[in-house]
Amino acid sequence: MPQLNENFLKLEKNYLFINIAKKVKAFSEANPDADIIRMGIGDVTLPIAKCVVDAMKKGADEMGVKETFKGYEDSGAGYDFLKEAVSGYYKSFGVEVKPSEIRINDGAKSDCGNIVDIFGNDNVVLITDPAYPVYVDTNRMNGRKVIFADSNEENGFAAMPDENVHADLIYLCSPNNPTGSVYTADQLRVWIDYAIKNDAVIIYDSAYEAFITEDGIPRSIYAIEGARKCAIEMCSLSKTAGFTGMRCGYTVIPDELVFKSSDGQDVSISQLWGRRQGSKFNGVSYPVQCAAAAVFSEEGIRQTRENIKYYQQNAAVIAAALDELGIKYTGGKNSPYIWLKCPNGMGSWEFFDKLLEEANVVGTPGAGFGKNGEGWFRLTAFGDADRTKEAMERIKKMLG
Ligand code: PLP
């Protein structure tokens with residue numbers, strides 16, 4: 001009989017969104033006429049920009065011609081044309097990242113989850129709470145000790161390090177899922193100093209960087225001095241360009257990220273990760289990489305930013321309704337997420353049920369993202385504009 005990895009048995013029984021889907025399914029079966037508006041799951045709804053689709057089609061056509069057909073990609077780390085495009089994109093907001101420091105993947109979730117492979121299981125892992133559930137789950141699957149930095153109302157849901165607590169691996173996400181909060185350059189500087197002092201690695205998830213609108217909010221951790229010595233950055237085209245169903249993202253590991261092995265050798269994190277990927281990942285399909293490169297072209301940026309503006313408009317509608325109701329929230333400005341305090345002291349799941357039953361609107365209970373999420377609730381701006389307005393009218397009527 002195989003021995004099971006029983007760490008899996010200690011996880012929450014289901015991934016958060018499966019629990020939500022089950023509840024919504026039961027409600028809609030019991031109320032078949034209910035017109036449900038979904039503002040829960042963080043998936044985009046607008047189609048991919050035309051120039052990006054055209055680039056994918058062209059790539060697909062090339063696969064059907066002997067002279068341009070592509071088989072396995074040599075390194076599996078991404079074609080040079082895409083890595084150069086990503087590097088150029090970083091440059092457009094003032095950050096220097098070499099193409100050789102970039103690896104292309106099938107979305108940020110894979111790398112966020114798989115990066116744990118190259119770090120030992122005795123590391124102390126520090127995760128801000130609440131957080132994207134993948135960070136906690138994938139560490140607990142390996143039986144790792146996870147400690148938390150509290151994000152809460154007092155600190156504007158931007159947790160800061162406790163100088164008296166040691167950590168080896170640190171997960172940060174800005175703009176944050178689920179809270180929509182962002183770190184300022186000064187706050188990131190504190191985290192970087194902490195990481196360097198602790199000889200720790202920051203795993204920085206910037207999946208929502210394209211939603212930053214305010215000047216002075218860093219779009220990359222590498223905008224801050226010292227980050228190249230301690231941070232891995234992961235980003236995704238899912239929310240930037242509607243790639244949730246296409247699957248493409250990128251991870252940056254700077255050359256400076258070198259640590260000692262137990263026998264005193266210098267080990268490059270980039271090489272270690274490359275070794276891992278070499279055995280377990282065969283790269284992203286050529287047509288998808290063609291599409292991804294088009295996202296970073298001048299026209300691609302222009303067209304994809306139109307979609308982001310549309311979602312930002314939805315965020316403004318949600319924020320205005322909450323302002324009218326006098327409900328506290330974070331996010332919305334530099335993020336597609338609005339993180340609101342459940343009214344009248346309600347718990348997250350209690351508010352979820354009330355909203356579903358009385359307004360037929362689905363959101364995400366904050367408690368599903370960690371203990372500090374209890375009493376809070378996430379709405380997303382990724383929906384249709386008219387349906388978002390309708391949802392907020394219903395919520396105003398329900399709570400007004
Ligand atoms: N990181 C965060 C914070 C996310 O919210 C998500 C998706 O919702 C991801 C990573 C994963 O994105 P991808 O679709 O690229 O796997």
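This is a predicted model: local features need pLDDT of at least 70, side-chain atom pairs count only at pLDDT 80 or more; totals for chains, interfaces and linings use all residues.
Of the 400 residues in the protein chain, 56% count as buried.

The secondary structure of the protein chain consists of 12 helices and 15 strands. With a radius of gyration of 21 Å, close to the 21 Å that the globule rule gives for 400 residues, the chain is as compact as a globular protein of that length. Along the principal axes, the C-alpha atoms fill a box of roughly 60 × 55 × 55 Å. Contacts can also be sorted by separation in sequence: among those between residues at least 6 apart, 73% join residues at least 24 apart.

The accessible surface of the protein chain is about 18,200 Å², and carbon and sulfur atoms account for 50% of that surface.

The domain assignment divides the chain in two. Domain 1 is made up of residues 6-47 together with 300-399, while domain 2 covers 50-297. Taken over C-alpha atoms, the centres of domain 1 and domain 2 are separated by 26 Å. The contact between them draws 34 residues from domain 1 and 45 residues from domain 2.

Ile48 sits in the loop between β1 (37-38) and α2 (50-63). Leaving out residues up to four places away in sequence, Ile48 touches Val53, Ala241, Gly242, Phe243 and Met246. Lys10, by comparison, is 38 residues from Ile48 in sequence, and the two C-alpha atoms are 39 Å apart in space.

Val124 belongs to a strand, β3, which spans residues 124-129. Val124 has a relative accessible area of 16%; this is under the 20% cut-off, so Val124 is buried. Apart from neighbours within four places in sequence, the residues in contact with Val124 are Lys145, Ile147, His166, Ala167, Asp168 and Leu169. Gln303 lies 179 residues from Val124 in sequence, and 42 Å separate the two residues in space, C-alpha to C-alpha.

To return to the two residues together: Ile48 is placed in a loop, and Val124 is placed in strand β3. The contacts of Ile48 include Phe243 and Met246, and those of Val124 include Ile147 and Leu169.

Technical notes:
Residues are numbered from 1 along each chain as its sequence is written. Side-chain values use heavy atoms; hydrogens and water are left out. Helices (H or I, at least four residues) and strands (E, at least two) are DSSP runs, numbered from the N terminus. The radius of gyration is taken over C-alpha atoms; the globule rule is 2.2 Å times the number of residues to the power 0.38. Buried means under 20% relative accessible area, exposed over 50%, partly exposed in between (1.4 Å probe, protein chains only). Contact means heavy atoms within 4.5 Å. Accessible areas come from the Shrake-Rupley method with a 1.4 Å probe; for residues, only the protein chains shown count as cover. Domain bounds come from an automatic or database domain assignment.
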